[in-house]
Amino acid sequence: MTQTTPATPATPATPATPATPAVRVPRWLEAPAPGWTTSADVIVVGSGIAGLTAALRLREQVDTVLLVTKTVLNEGSTAWAQGGIAAAMDPADSPQEHLEDTLVAGVGLCDVDAVRALVTEGPQRVRELVALGAEFDRDAEGEIHLTREGGHHRDRIAHAGGDATGKEISRALIEALHRVQSDPGIQVMEHALVVDLLQSGGPADGRVCGVTVHVIGEGQVDGVGAAHARAVLLAAGGLGQLYSATTNPSVSTGDGMAIALRAGAVMADVEFVQFHPTVLWLEGANGQQPLISEAVRGEGAFLVDSDQPDGVRFMRGVHELADLAPRDVVSRAIVARMRETGTDHVFLDARHLGREFLERRFPSIVASLRSHGFDLASDLVPVAPAQHYASGGVKVDLTGRSSLDGLYACGEVSCTGVHGANRLASNSLLEGLVFAHRIADDITARLAAGELAPVAPAADATGPSHDGALLGAAHRGDVQLAMTSGSGAVRSAGSTAATAEMLAALAKGAEPGGDTPGPAAWEATNLLQLGQLLTQAAALREETRGGHLRSDFPERDDAHWLGHLHSVRGVDGLVATTYHPVSATDRA
Ligand SMILES: Cc1cc2nc3c(=O)[nH]c(=O)nc-3n(C[C@H](O)[C@H](O)[C@H](O)COP(=O)(O)OP(=O)(O)OC[C@H]3O[C@@H](n4cnc5c(N)ncnc54)[C@H](O)[C@@H]3O)c2cc1C
């Protein structure tokens, strides 16, 4: 069995993790042969902050851009972002301080060069977003009002509509797109689900040269087609739907990561999943849950372990920033306190902030809680950690290039190294913005230099039908339950082994022709494959760091695990995960 092994040290002090079953991933999802073709210089997959920003900039610089998105333009995590976007725009602040806070949150695993790019280019990119039409909240002097969130030592979070930052950014970007949509240089396909990548050869020598895409219904094309391009940018967002409870919308099914994995791209740090500490806890809830932004604690709300008068403010003494400690610290403290008190939630107390302030500052959160029967101004609100953000993903360099020639990744689907083991609050919108510009400029320069000349996909890419087994759509919930029970907020050797077995059993049941090829089965299969990958990495990393919490290895272990896990699918379909210590530069 090609079991995955850390390439370097990791000599465990305790008995080795039980071997998890080998993960085998087919090259293709079963899908009908393409019935139509189209082409563009660049294909952008996804219409969140990453995809829209890249598409708009590319349109100014290359001849033709095709933007495809699974449902409608504003559907994705971007439009749900509440707290804001971090950038050192206050004269008293500096990119260096933003960098330092980011590195602390990343617990030794950030790529320092990537973080430097993020924090130094961030302020200018945010100003450009304002120039494009995004309206951020202003202070009495008319300056962009900056607030603070967990892990930040300065007020540097720009926000809009109080707590509706993502909605405003999405609106501004989509309006900018509509202003240029009559331009023949840009084509937009909504209800277009990308199934797989087209390559000119095998994973070792092949260039990524397009995508297979399923268009649902009306318009000039219908069903599965082949879209050819000189470069493909995956900006397909995160994987929250891998878990029973998440803050992510229903489109966040990890398609981009699974697509890249199947094509042989290197994936990095997928075990680092951020569980947001304060998601509304609702008995028996499933799917997307209401988030109560960190900004509420930023304004003075705090956590207590009970709704009785003797409820304890348990974050005091856990961290110097108490309730504003980095997310992993708060989530971990909540999980520990829930264990001690034998409950499945704690409470958020914002009552002292006053109704008038709460309604003005957090209108969306107040309304969302009210729709579930809670009044933030008078109730203690039950909260528990839920999946929120994928810190790992498709491994890319400083220009967003993946390990596959012609394939780029941007935003939550990617792993630039800026988040390390855990993302600092409000750094993800910024990452999408900054790296989308870098990618657009890199692609432009390469096309202008005659690189990435058009190539035809290999014959097997467009054969009669792809025969990769599909998991029945009805099993999506089984994947979520398996992941939540064993590879969720708290993991152990035993729990990840049990989850790996459950997922392997589901994979065994997935057969070619086992379910009708279509969006529901493709999404379920993407979730299964990613769940297997993530569980493999989570089982290997025998320490607790950032978003990865192991109850059997509760300490950070720099002696063995100050490094990254890279996973790649080999030509035999087996996924191998190897350990790579951080470079000397990033250690400094
Ligand atoms: C509730 C919530 C609050 C948040 N608050 C903040 C915050 O305050 N600050 C912050 O910085 N971050 C925040 N985040 C995180 C941040 O919103 C996301 O990380 C970021 O918006 C991701 O942007 P993106 O462009 O990478 O992906 P998304 O915005 O998720 O967009 C992904 C796009 O890809 C499309 N897509 C997916 N699969 C396919 C496919 N197969 N084919 C075609 N298209 C596909 C989707 O439909 C979508 O258009 C929050 C997230 C959530 C869920």
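This is a predicted model: local features need pLDDT of at least 70, side-chain atom pairs count only at pLDDT 80 or more; totals for chains, interfaces and linings use all residues.
**Around the ligand**

The ligand is surrounded by 37 residues, and the closest are T78, G83, G84, E412 and S428. Several elements take part: α1 (49-61), β9 (192-199), β19 (381-390) and α10 each supply at least two residues of the shell.

| Residue | Protein atom | Ligand atom | Distance |
|---|---|---|---|
| E75 | polar backbone atom | oxygen | 3.1 Å |
| S428 | N or O atom in the side chain | nitrogen | 2.7 Å |
| L429 | backbone N or O atom | oxygen | 2.9 Å |

How much of the ligand does the protein bury? Taken alone, the ligand exposes 1,000 Å², and 98% of that is buried by the protein.

**The sheet and its helix**

Now to an open sheet, in which 5 strands pair in the parallel sense, in the order β8-β4-β3-β12-β21. At its edges stand β8 (186-189) and β21 (407-409); each has a single partner strand, so one side of each is left without a neighbour in the sheet. On average, neighbouring strands are turned by 15° against each other, direction ignored.

Look inside the sheet and you will find β3 (residues 42-45) paired with β4 (residues 65-68) over 4 bridges. Within this pair, V44 stands opposite L67 in β4.

Methods: Residues are numbered from 1 along each chain as its sequence is written. Side-chain values use heavy atoms; hydrogens and water are left out. Two strands pair if DSSP finds at least two bridges between them. Axes are lines fitted to C-alpha atoms, for helices over the stretch in contact, and angles run from 0 to 180 degrees between N-to-C directions. A residue is near a molecule or strand if one of its heavy atoms lies within 4 Å of it. A polar contact is a pair of N or O atoms within 3.5 Å; within protein, one must be able to donate a hydrogen and the other to accept it, and residues adjacent in sequence count only if both atoms are side-chain atoms. Accessible areas come from the Shrake-Rupley method with a 1.4 Å probe; for residues, only the protein chains shown count as cover.
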